[in-house]
Amino acid sequence: MTVVPSPSEQKAQVEAVGGELTAGEVYYVVANDWWRAWLDYTQGSGTDPGIIDNSSIVQDGHLKEDGVNEGTDFIIKHQRVWDLIFGWYSATDTVCGNVELNSKNELYVDLFPIRFTIFTVGPNDSTPVKCDCAPLILSRAVKMRDLLMHVGKHLQGTRAQGLLSATDKRLWVCEGGVLDFNILGEDVMDDEIRDALTGLGDWNMLFEVKEKNTNLWPYGKEKSTQVEVDDAYALSTISTLRRRAVSFVREEPQVGQRMDAKNKNDKRWYEAVVVKVEDREDRVAILVHFLSFGKDDDAWFFVDDDENISGPYTRVADWRSQLRKDEEVEVNRSTVKSTDLKLKGRWLVGKVKRFDRTRTVNGETQAKRKRIENEGGDQMNIYDEGMGPESTTPPTPPPNSTLGTHLHPGMVLLEIRTGTFLSQRKEVWVDLDSEELAQRYTHTVKPKPSYGPQGVQEPPIHSGVVGLRNLGNTCFMNSMLQCLSHTIPLTDYFIRGDYEADLNRKNPLGTGGKLAESFAVLISEIWSDKYSVFAPTDFKQQLGRAFTQFQGYQQQDSHEMFSLLVDGLHEDLNRVRKKPYTEAVEGKGRPDKVVADESWDVFKLRNDSIIVDEMMGLLRSHLTCPVCKEETVKYDAYSNWSIPVPKNKKRPLNLVLYRAVESGDSSGSLPRLERFVGDFSEDSDGGEVVEWLSGKTGLPKSELLLVDMHGNKKATHDFFYDPSQAMDYKGYFDGLKRWDEDKDMFAYHVPKIKLGGGVVPVAQDAMTDDLTPVESEDVIVEIRFVPAETTYKYLRLSDFIRLEGPVTTKQLHRLIWDRVRFMFKDDYSVPQGFLEQFGGHKHDGDTDVMDHHPRDTPSPREDDESCPYRIVDGGHVSGLVDCSDSETWEPKDAIQLEFSATGIQGLRMDTPVQLCSSRATIEEKDEAFALGEVSVHESFGVGRTRQGKRNGIDIYECFDRFREREQLGENDEWFCPKCKELVRAFKRMDLWSTPDTLVIHLKRFYYERSRFMRSWVDREKIKDLVTFPIDGLDLSTYILGDSKEDAIYDCYGVSNHIGGLGGGHYTAYIKSTDNNRWYCMDDSHTSEVDVAEVISPKAYVLFYKRRQSGQPQE
């Protein structure tokens, strides 16, 4: 009885089996679902996976040909691994294959067999007869020279057994579904069978015996390379020819071979089929028919014409197999009854509704064919009898018929727009491999982008310095595209068209070349010198199709977009057409260079593209077991280098102290503004901030107010610190962790103002009916300044007053005038009617100004333009405040001063009334709104910028932090092969090699488990300045491999992020190749900047290029 080891021991034994693909070895298939369950079980996070269940991927003892893919549905494991897990768990089905070599000397595991349906033709037969035996199933590694032997054994016991004794016999072959056999050379057929794609493994085989009496082959003489096909035959049999899954072979051109060809009229590549072959002197010519086109477009080519003909789906996307629901295609109008059509044109647009891949239309078994002459051409349009244009279910093939194997088998249901109204739609079933289908924009004109509101067609300020229109929260994409556009080796590669030869349309990990083609169009437009602003609409749509997280218009991360885009471009341009099976390379005590070179070679076996050539290097990871000291070294490829930014628990806080004009000062003196900066912990509250500020200024803590200003008024939330509340008050402010360091926090000096007017409120005792005065509370009131009849425009920064006790409306009017007198010009003539309001009672500190009108005066009328402003309660028009000694004012959170046109003309400010940006600095506001001179406190000191930032972290500190040895966390334990258990290993990362284009990602977004709830994760952005060299970044001391000799890099692009985790904005700085000057690319806006601005706390992703040996610094 087999003893099943513990889960950890199982994992150790399996991981101990190494090795690479070697010809002749055997590999077994394991269902991916079971393998993942086993991994979870051996890592302690799952349950016993039970028997190896391969039933979902195996049929009749072989892998299912349709819809089963390596990596997604199954993985392959060496025989030694299979022996282990099979001994522990057993299996429902066992499938294995030998490691073989294909025609390109690439190793592959022979898992999908070839199935031959055998036909015979003998002395008494005139046509091929299907044999009464099961298909002959053979390995793809079978040789043509051995087929006769295999066929002879297979025909034993059948009606065709009598033919086996004949002396002269030969084999004909063709792909399944086409009884048009060919004799091909052994070497050609060997390659055809070995290299046949999964799903194209069905073939027909004809076993022919020569007649003894006539000594002739009954099937006819051997086909010559001269194949005469008249025009009528070419048109009537196109439907049959295009169903043959035979690839174009230059050395053996045959009628019916599929290919890609360039149309001589529009110079575009299309799907095509060979319809005639001719010998012309010493060269072979072929007549090519372009699928879905008429006879007039057929063209002759010589078979050695590499520029105009190519193998199938090497220049054209395999769009039929990649078609998805809701995508649009072009469909010939013949598929819809002419009485239902309201639209003109031969080609209509159809939307894919669903597929039925179990049914096909076979050219050989159709009961009836229709030829429909279209306007202006000889286009053939054929569909089955019983399959009307409006069929809502797939047509049923005729009974007892043998359906051919399509290149793209199945039917597709299309919703076709037949008129201009939404209700004018028809659903029809169309053969997926039919010429009645064409790729979108094959026959219809592709609409050009609307450049009116989206783009600007005019020459840019410099070549490549082109703005990109923000399509809706797409600044993350624009920022990264600007940097990639100025990655010159990549841009040249696409503009020259070199990418076309590398397009890998059959890579299941790619997009069929669509992403690369869309990127190529975008780059070509940016560098065409036709636009100053371009709208990347088409690229955005293609990016969303490739990666679903980018389908909408949500805010995204530019670094994530870069990683996915570069990976997608790599797979679309991967020159490796068939990826061999490889295993990870480990050091095992060997020299680093040997292991690194081997790791790179193994990586290149599966990955070879312009991205690998220009943007990929190797990282070295070193793991050490803390128990047994076992060490493991691995090398992994990278396209961008993510480095940590040290997190500073102390952060600078920019403070602006506002000291208003003192009450009673009507001289017009300006308020005092002073800028401070202090370092606080991220958990500091408002009380700590005002206590620090009190120590710097000598102002009492009880008279300092902390406010977050949005634009020129208080933000909607509470005060950060309110001295009128209890001394332990914290308000909305819960620490500096989420405070935006780019913003100013405002502190107001708000001493108590007690005017002693108005009616004192009283309270009545419920028992004695005695009346007692109610102790009044402090009230802080915001004073906002707006032009009359506007809502959101503010003339200047809000002021705040702190009132104690009741106050009359007249006292309020006088107090406000004292606070705002400085705003008016020295020669401003105050209207006498306005001044007459402020007579009567005066409070301490009042001057005798305007004290000679001791009578109540109503406030000015609403239409009195002579008055400079009027006071409105709480910002509402209905709350106009009168001016009376007898009326007590009810304090509000805010009052609004609405300035008349006359009042605005008397202000000191010379700039037009405008809405000040919430990001504007106090210095900018001072210039625009005449607030008063802003002084700078000595707290700035040495090593501060104007905004209070420190000089920053050197990027080399980040490099050092990257190389620091660290211990893995509890959730990242490593399985030690020596201890046979999971351990928290020590890990160290190093650079082994760097690419010519080096992309450095600053890890500014910080995640850590909450101190209060372990299920929560605290997130924040590290906004510290990271200084980096624009020219001459020296990595020679950080690279361990050979590339350290050329390790000097110069910066040419920076992707910036402004804001925090909750949202923000992306921009880019790029260096022009025309004049070596730097430009800020802010969506559609472009502007030249000084190189000093490039190094900022906004920098997020840096782009560097290697400086070539002997190249001078720019």
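The following dialogue works through several structural labels in a predicted model, setting each value against its criterion.

Student: Why is helix α10 called roughly perpendicular to helix α12?

Tutor: The axes of α10 (residues 488–495) and α12 (residues 514–526) come within 9 Å and cross at roughly 100°. Angles of 65 to 115 degrees count as roughly perpendicular, and therefore α10 is described as roughly perpendicular to α12.

Student: Which residues make that contact, and how do they divide into nonpolar, polar and charged?

Tutor: From α10 the contact takes L490, T491, F494 and I495, and from α12 it takes A516, F519, A520 and I523. The residues of this contact divide into 7 nonpolar, 1 polar and no charged.

Student: What makes β4 and β6 edge strands?

Tutor: The open sheet has 4 strands in the order β4-β1-β5-β6, with antiparallel pairing. Within that sheet, β4 (74–78) and β6 (107–109) each pair on one side only, and they are the edge strands. From one strand to the next, the twist averages 35°.

Student: How do you know that β1 and β4 pair?

Tutor: Two strands pair if at least two bridges are found between them, and strand β1 (residues 26–31) is joined to β4 over 5 bridges in the antiparallel sense.

Student: Why is the pair of Y27 and Y581 called edge-to-face?

Tutor: The ring centres of Y27 and Y581 are 5.4 Å apart, and rings pair if their centres lie within 6.5 Å. Their planes stand at 65°, and planes over 60 degrees apart count as edge-to-face, so the pair takes that label. Because Y27 lies in strand β1 and Y581 in the loop between α14 (558–572) and α15 (592–606), the pair ties together parts that are 554 residues apart in sequence.

Student: What makes Y27 and Y581 count as buried?

Tutor: Buried means under 20% relative accessible area. Y27 has a relative accessible area of 0% and is therefore buried, and Y581, at 17% relative accessibility, also counts as buried.

Student: Why is the pair of W82 and F86 called stacked?

Tutor: The centres of the W82 and F86 rings are 5.6 Å apart and their planes are at 25°. Planes under 30 degrees apart count as stacked, so this pair is stacked. Both residues lie in helix α3, 4 residues apart, which is about one turn of the helix.

Student: Are W82 and F86 buried, partly exposed or exposed, and how do you know that?

Tutor: W82 has a relative accessible area of 3%, under the 20% limit, and is therefore buried.

Key:
Residues numbered from 1 in each chain as written. Predicted model: local features only at pLDDT ≥ 70, side-chain atom pairs only at ≥ 80, totals over all residues. Heavy atoms only, no water. Axes fitted to C-alpha atoms, helices over the stretch in contact; angles between N-to-C directions. Helix = DSSP H or I, 4+ residues; strand = E, 2+ residues; numbered from the N terminus. Parallel < 35°, antiparallel > 145°, perpendicular 65-115°, else oblique. Contact = heavy atoms within 4.5 Å. Nonpolar A, V, L, I, M, F, W, Y, C, P; charged D, E, K, R; others polar. Phe/Tyr/Trp six-rings, centres within 6.5 Å; stacked < 30°, edge-to-face > 60°. Buried < 20%, exposed > 50% of the residue type's maximum accessible area, 1.4 Å probe, protein only.
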